[in-house]
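Biologist: I would like to learn how to read helix packing and sheet pairing in a model such as this one. Could we go through it feature by feature?

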Amino acid sequence: MPLSRNGLNIVDIDVQDVRFPTSLGAHGSDALHTDPNYSCAYVITSTENGQQGYGLTFTCGRGTEIIVLTIRSMKKFILGRNAADIFANFSEFWRTITNDSQMRWLGPEKGVVHLAVAAILNSLWDLWARLEKKPLWKLLADLTPEELVSTIDFRYITDVITKEEAIEILKSKQNGKNERERILKQKGYPAYTTQVGWLGYSDEFVKEQCKKYLDLGFTHFKVKVGRDVKDDYKRCSLVRKYIGDDKFLMVDANQAWSVEEAIEWMKKLAPLKPMWIEEPTSPDDILGHAAISKALQPYNIGVATGEMCANRVIFKQLLQSNGMQYCQIDSARVGGINEILAIYLMAYKFNVKVCPHAGGVGLCEMVQHLQAWDFVSLSGSMEGRLIEYVDQQHEHFYDPCIVEKARYITPKQPGYSTRFLPETLKKFAYPHGNEWKRMIDEGMFPKPDEAELVNG
């Protein structure tokens with residue numbers, strides 16, 4: 001039944017810069033992002049009857065203020081709109097907010113503007129799920145194929161998949177949905193860990209982390225590479241030694257290499273039997289990824305990428321060119337769930353498994369919903385599919401993700417699991433949160449410059 005429009009006019013969109021000092025422990029460090037402070041632009045969308053939706057887009061610290069200002073500049077497209085009308089014509093609204101005749105020049109559909117769009121749209125989807133009193137994955141699964149497809153803008157991708165084809169694919173998956181939902185709730189969804197492999201970790205700490213996550217039941221372990229091939233081989237060898245030959249090793253270069261470097265570097269790591277190399281080169285280099293994929297095929301090493309891919313068009317080309325064997329959507333990189341659904345459908349058509357990027361602030365919370373929907377409504381399979389898991393920042397959410405025995409427990413609370421606890425905002429809103437004021441006063445971090453003072 002359609003939502004009633006009563007009381008659902010959008011009257012406020014609040015956005016805050018929220019940062020966590022993860023650089024102090026080298027958490028999240030990789031070949032290019034050496035000192036990240038996991039952060040987000042956090043959006044609260046409010047209706048006239050007091051309903052709220054919560055959304056965010058993930059960042060690594062500096063620059064979050066730019067996204068905050070971009071979100072504020074986009075309020076004009078949303079304030080005064082009725083949420084029920086947006087949901088009923090979601091693809092039209094998506095095009096409105098992503099294709100303003102002047103602001104699209106700053107993208108189009110990429111970069112800071114698209115990150116801002118993702119935060120807004122994530123809050124709207126969270127609002128919709130809360131209004132329906134369903135977790136986001138269940139809202140998606142309960143939509144008819146026609147309703148779900150109506151949320152997607154198919155511009156630029158009809159050479160690969162059309163609206164009509166997408167509806168037929170989803171209709172063909174209707175049988176067995178209830179059983180798959182039962183399995184999902186009973187078994188959860190398989191996870192892999194990146195917590196053993198940050199570049200800033202000592203060998204002894206890597207050993208401790210391997211033991212910890214083996215004891216927790218993990219079978220898939222990811223290691224950051226790309227700074228020094230000898231050091232990479234040493235650290236990957238240590239992880240392989242600690243986890244054993246019967247477990248799976250993945251490596252992630254975070255865009256550090258040229259195409260030729262990626263191929264040669266991975267040939268040297270091939271004896272350690274990595275399952276995939278993630279982000280081997282520039283995320284925009286479609287043909288480069290295709291060349292790497294072809295060169296590494298004899299070594300049984302797949303290419304995984306997508307966390308920094310800006311939009312559905314780049315994903316389309318990576319899929320068309322066989323440039324990826326594992327599709328790594330990110331819940332905040334592209335334009336919200338609407339565009340993510342398009343990517344899932346294209347990946348399904350090309351028979352490429354989706355294994356989402358997660359780990360940053362709120363990403364684990366969000367992508368668990370997306371993979372749950374995919375299993376119930378589209379792929380119908382968990383085989384070879386995994387969700388990344390990094391054990392950080394979950395304690396800041398009302399409804400944090402829960403991972404037991406290396407499996408995500410299916411969310412039960414309404415929404416997209418994206419609502420921060422109030423004490424988190426008091427402590428970590430940048431730069432005036434209590435923790436940030438303390439750390440800046442103690443000289444642990446520099447004072448913010450004028451541009452960073454977007455939180456007042």
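This is a predicted model: local features need pLDDT of at least 70, side-chain atom pairs count only at pLDDT 80 or more; totals for chains, interfaces and linings use all residues.

Biologist: At what angle do the axes of helix α13 and helix α14 cross?

Modeller: Two packed helices are described by the angle between their axes and the distance between the axes. Axes are lines fitted to C-alpha atoms, for helices over the stretch in contact, and angles run from 0 to 180 degrees between N-to-C directions; helices (H or I, at least four residues) and strands (E, at least two) are DSSP runs, numbered from the N terminus. Here the axes of α13 (residues 312–320) and α14 (residues 336–349) cross at roughly 10 degrees and come within 10 Å, and the two helices are therefore roughly parallel to each other. With contact meaning heavy atoms within 4.5 Å, Arg 312, Phe 315, Lys 316 and Leu 319 of α13 meet Glu 339, Ile 343, Met 346 and Ala 347 of α14.

Biologist: Which residues does Asp 153 touch, not counting residues up to four places away in sequence?

Modeller: Asp 153 touches Ser 91, Trp 94, Arg 95 and Arg 312, when residues up to four places away in sequence are not counted. Asp 153 lies in the loop between α6 (145–149) and α7 (163–171), and it counts as buried because its relative accessibility is 7% (buried means under 20% relative accessible area, exposed over 50%, partly exposed in between, with a 1.4 Å probe and protein chains only).

Biologist: How should I read the sheet, and what is the order of its strands?

Modeller: Strands of a sheet pair through backbone hydrogen bonds, either parallel or antiparallel, and two strands are taken to pair if DSSP finds at least two bridges between them. In this model an open sheet of 3 strands has the order β1-β2-β3, with antiparallel pairing, and its edge strands, β1 (10–19) and β3 (52–59), each pair on one side only. Strand β2 (residues 39–47) is joined to β3 by 8 bridges, and Tyr 42 has Leu 56 in β3 as its bridge partner. Helix α4 (residues 111–131) packs on the sheet, touching β1, β2 and β3, and its direction makes about 150 degrees with that of β3.

Key:
Residues are numbered from 1 along each chain as its sequence is written. Side-chain values use heavy atoms; hydrogens and water are left out. Angles under 35 degrees count as roughly parallel, over 145 as roughly antiparallel, 65 to 115 as roughly perpendicular and the rest as oblique.
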